[in-house]
Amino acid sequence: MKMLKKISSSLFSPIPISRDRAIGVSERLAALSSLSSSLEYLHQHRNLGPGGLNDWEIMKQTPESRIPAVQKLTSAVSGRRTTLALHATRVACSLGMLMPGNGKWRAAGNLYLGATTTLLQARHRYGTDGSDQVATQVQAVTGLARLSNSPQVKDALMWYLALQANMSYYCNDTP
């Protein structure tokens, strides 16, 4: 009986994880999401063309894209070649984020991925979903955590992320 209890305890008890490890695991999971998303857009680049699901001439007519500041900003990056180049750099950055390391350069990678996802959001209205939105939030928070030297700020940011994740799933499950 003691052996069964010991095995059960080792399988189901919480695993202690350090602050930096939590940040690293979070940013790598978000990088996988960004990598998958950008590879998908690069593979299905025909959808960016005229009449495609993400044709900018159609997408810029959506209500949120009609805001002049948003339209001006997204029009600057919504050319087919620019969009594909952004996705190629996102693939490279995502692959870099999957590499081992704990340096401050990871903050720049996280913030770049989060910013480019946000920038491309109006361009790719169809095909972005909850995983892209969660990845953006994780990348912004882990990027800021990487920039901070304060353990309290890092903890607050990771608690924010944990609470956000719990609320998003709780709110989606309630009738």
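The structure is a predicted model, in which local features require pLDDT of at least 70 and side-chain atom pairs count only at pLDDT 80 or more, whereas totals for chains, interfaces and linings use all residues. Residues are numbered from 1 along each chain as its sequence is written, and side-chain values use heavy atoms, with hydrogens and water left out.

The secondary structure comprises 8 helices and 0 strands, with helices (H or I, at least four residues) and strands (E, at least two) taken as DSSP runs numbered from the N terminus. The order of elements from the N terminus is accordingly α-α-α-α-α-α-α-α. Of the 175 residues, 35% count as buried (under 20% relative accessible area, with exposed over 50% and partly exposed in between; 1.4 Å probe, protein chains only). Among contacts (heavy atoms within 4.5 Å) with a separation of 6 or more, 69% join residues 24 or more positions apart.

Beyond four places in sequence, Ala145 touches Ile23, Lys154 and Leu157.

The axes of H2 and H7 come within 9 Å and cross at roughly 140°, where axes are lines fitted to C-alpha atoms, for helices over the stretch in contact, and angles run from 0 to 180 degrees between N-to-C directions. The two helices, H2 and H7, are therefore oblique to each other (angles under 35 degrees count as roughly parallel, over 145 as roughly antiparallel, 65 to 115 as roughly perpendicular and the rest as oblique). The residues of this H2–H7 contact divide into 6 nonpolar, 8 polar and 4 charged (Ala, Val, Leu, Ile, Met, Phe, Trp, Tyr, Cys and Pro count as nonpolar, Asp, Glu, Lys and Arg as charged, and the others, Gly among them, as polar).

Asn110 lies in helix H6 (residues 105-120) and is buried, with a relative accessible area of 0%. Apart from neighbours within four places in sequence, Asn110 contacts Glu27, Met97, Gln139, Thr142, Gly143 and Arg146.
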